[in-house]
Amino acid sequence: MSVTNEAELIAYIEQAKSDAIHAFQTLGKNGTLSASLTFHITHRIPDTDHLLNIRFPGGLARDQSPKVSLSSFAENTSLILHETRLEADTVIHAHTNFLSGWSLAHKPFPILYVAAARHLLAREIPNHLERTRSPLEVIRERLDKHPELAPPPALLESNGGANFWGKGILKTSELILFIEEAARYQAIAEQIGGAQVYTPGALELQWKRTGLLEKSYAYAG
């Protein structure tokens, strides 16, 4: 959807707000979000300098209507969306029930469950341990040092939740759903020996179904 005038901007924001409310309510009801209901969206409106910020109150607020505001993309120089290698226009900070376990353990999260793995080329989500550095600094360093690895779809926030990024509010929210589902089942698998890496060729078969196979050849993991 192009945004070339004020009327289109207003319509774009209304649609984005509607998408955000749908995602927040769905992820809250299906147990993806933790009890705090932390779900903060930052989305760059295409072809503009507008940064759309959508914040839900969370917690015990009786009215969970989000606050919507605009800021400047150019002026938010530390925002992760400035890293073009991520090919993202949306970042969502969320706390989820099982993935936060890896955040607390200060460990990267290996993406092994198929519902998430088939949609992602990255094999793990790193942990942001040095919290005095910005997520942008941490991700840029990782991408510079390891160009052979597919860019991660998120960064765990040590001792907290995670920052997820992607294209659009709904697709990024769906990514959160897939990754949290993976974390849930992988946490359960820890009780019976741990989640295992796919047998040879199985992941490539999944990527072929989701259209990622050709792109996967550019990365070693």
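I number residues from 1 along each chain as its sequence is written, and side-chain values use heavy atoms, with hydrogens and water left out. The model is predicted, so I kept the cut-offs: local features need pLDDT of at least 70, side-chain atom pairs count only at pLDDT 80 or more, and totals for chains, interfaces and linings use all residues.

**Cores.** I looked up the nonpolar cores (sets of buried Ala, Val, Leu, Ile, Met, Phe, Trp, Tyr and Cys residues joined through side-chain atoms within 4.5 Å). Buried means under 20% relative accessible area, exposed over 50%, partly exposed in between (1.4 Å probe, protein chains only). The largest core has 46 residues. F39, L99, F109, F164 and I179 touch the most other members. I then listed the contacts of F39 (heavy atoms within 4.5 Å). Leaving aside neighbours within four places in sequence, F39 meets, among others, A20, F24, L27, I54, F56, I92 and I176. H93 and S173 are also on the list. A second, separate core of 13 residues includes F73, L81, L86 and I139.

**Largest pocket.** I used a 1 Å grid over the protein atoms alone; a pocket is an open set of points where a 1.4 Å probe fits, with protein on both sides within 12 Å along at least five of seven lines, and lining residues have an atom within 4 Å of a point. Volume is the space filled by probe spheres set on the points, which are joined across faces, edges and corners. The largest pocket holds about 770 Å³. Of its 27 lining residues, L86, H119, L120, P153 and K215 are the closest to the centre. Elements here are DSSP runs: helices (H or I, at least four residues) and strands (E, at least two), numbered from the N terminus. β9 (162-166) and α5 (169-189) each give two or more residues to the lining. α5 gives the most, with five.

**Helix α4.** Which residues of α4 (residues 135-145) are buried? I found L136, V138, I139, R142 and L143. They lie on the same side of α4, because they cover an arc of only 165° around the axis, taken from the directions from the helix axis to the C-beta atoms. The face turned away carries the exposed D144 and K145. The cover over the buried residues includes β6 (124-125), β7 (127-128), β8 (154-157) and β9.

**Positive phi.** D47 is not a glycine, yet its phi is about 65°. D47 sits in the loop between β1 (39-44) and β2 (50-55). D47 is exposed, at 71% relative accessible area. H106, also not a glycine, has a phi of about 60°. H106 is in the loop between α2 (99-105) and β5 (109-110). H106 is partly exposed, at 40%.
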